[in-house]
Amino acid sequence: MPSTELLRQGVEAARAGQKLEARKIFMQVVEIDPQNELAWMWLSGLMDDLEDRIIACENVLTINPANEKVRAYLESLFMQREMRARGEALEKQADQKEGEIPSQGSANQSVSLALAEQLED
């Protein structure tokens, strides 16, 4: 099937809310025609993974460096990636600090020892 017909089907599927089907069709289009700017643009919004969205945008800009809408979208994706990285770093710090607090087992053991000491008095 020609890539133009697949592209039309992909657009129809995407507009009908059939995200997985649309993504599958657009992937077929870029396999047939890796320089299909429109298919890469649609894929940039249909991919689940942030890195895949970034790659799709980069492919669009390789094909057409003057595409300012995709360039702006790519910048927002880079910001999302940066925010995600910061969030993960904060989670890691929190996990490390949590490691400094006695574990539940240690806390239970400390309470048991304190009770035992009180009973001895």
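The legends below describe close-up views of a predicted model. Because this is a predicted model, local features are taken only where pLDDT is at least 70 and side-chain atom pairs count only at pLDDT 80 or more, while totals for chains, interfaces and linings use all residues. Residues are numbered from 1 along each chain as its sequence is written, and side-chain values use heavy atoms, with hydrogens and water left out.

**View 1. Arg-23 and Asp-48 meet in a salt bridge.** A salt bridge is defined here as a side-chain nitrogen of Lys or Arg within 4 Å of a carboxyl oxygen of Asp or Glu, and a search of the whole structure finds seven of them. In the pair of Arg-23 and Asp-48, the closest N and O atoms are 3.2 Å apart. Arg-23 belongs to helix H2 (residues 19-32) and Asp-48 to the loop between helix H3 (37-46) and helix H4 (50-63), so the pair ties together parts that are 25 residues apart in sequence; helices (H or I, at least four residues) and strands (E, at least two) are DSSP runs, numbered from the N terminus. Relative accessible area is computed with a 1.4 Å probe on protein chains only, and a residue is called buried under 20%, exposed over 50% and partly exposed in between. By these cut-offs Arg-23 is buried, at 15% relative accessibility, whereas Asp-48 is exposed, at 56%.

**View 2. A salt bridge joins Arg-81 to Glu-51.** The N to O distance between the two side chains is 2.9 Å. Arg-81 lies in helix H5 (residues 68-100) and Glu-51 in helix H4, so this pair ties together parts that are 30 residues apart in sequence. Both partners are described in terms of relative accessible area: Arg-81 is partly exposed at 33%, and Glu-51 is partly exposed at 34%.

View 3. Arg-71 is partly exposed, with a relative accessible area of 33%. Elsewhere in the model, salt bridges that share partners join Glu-5, Arg-8 and Glu-12 into one network.

**View 4. Phe-26 and Trp-42 form a stacked aromatic pair.** Rings of Phe, Tyr and Trp (its six-membered ring) are paired if their centres lie within 6.5 Å, and the planes count as stacked under 30 degrees apart, edge-to-face over 60 and tilted for the rest. By this rule the count comes to one aromatic pair. The rings of Phe-26 and Trp-42 are 5.7 Å apart, centre to centre, with 10° between the planes. The pair links distant parts of the chain, with Phe-26 in helix H2 and Trp-42 in helix H3, 16 residues apart. Phe-26 is buried at 0% relative accessibility, whereas Trp-42 is partly exposed at 23%.

**View 5. Helix H1 packs against helix H3.** Helix H1 (residues 3-15) and H3 meet at an angle of about 20°, with their axes 11 Å apart, where axes are lines fitted to C-alpha atoms, for helices over the stretch in contact, and angles run from 0 to 180 degrees between N-to-C directions. H1 and H3 are therefore roughly parallel to each other, given that angles under 35 degrees count as roughly parallel, over 145 as roughly antiparallel, 65 to 115 as roughly perpendicular and the rest as oblique. Their crossing is left-handed, a term used if the near helix is turned anticlockwise from the far one by less than a right angle, with right-handed used if clockwise. Leu-7, Val-11, Ala-14 and Arg-15 in H1 are in contact (heavy atoms within 4.5 Å) with Leu-38, Ala-39 and Trp-42 in H3.

**View 6. Helix H3 packs against helix H4, with Ser-44 among the contacting residues.** The angle between H3 and H4 is about 155° and their axes are 8 Å apart, which makes H3 roughly antiparallel to H4. This crossing of H3 and H4 is left-handed. The contact is made by Glu-37, Trp-40, Met-41, Leu-43, Ser-44 and Gly-45 of H3 and by Arg-53, Ala-56, Cys-57, Asn-59, Val-60 and Ile-63 of H4. Ser-44 is buried, at 5% relative accessibility; leaving aside its neighbours within four places in sequence, Ser-44 is in contact with Arg-53, Ala-56, Cys-57 and Tyr-73.
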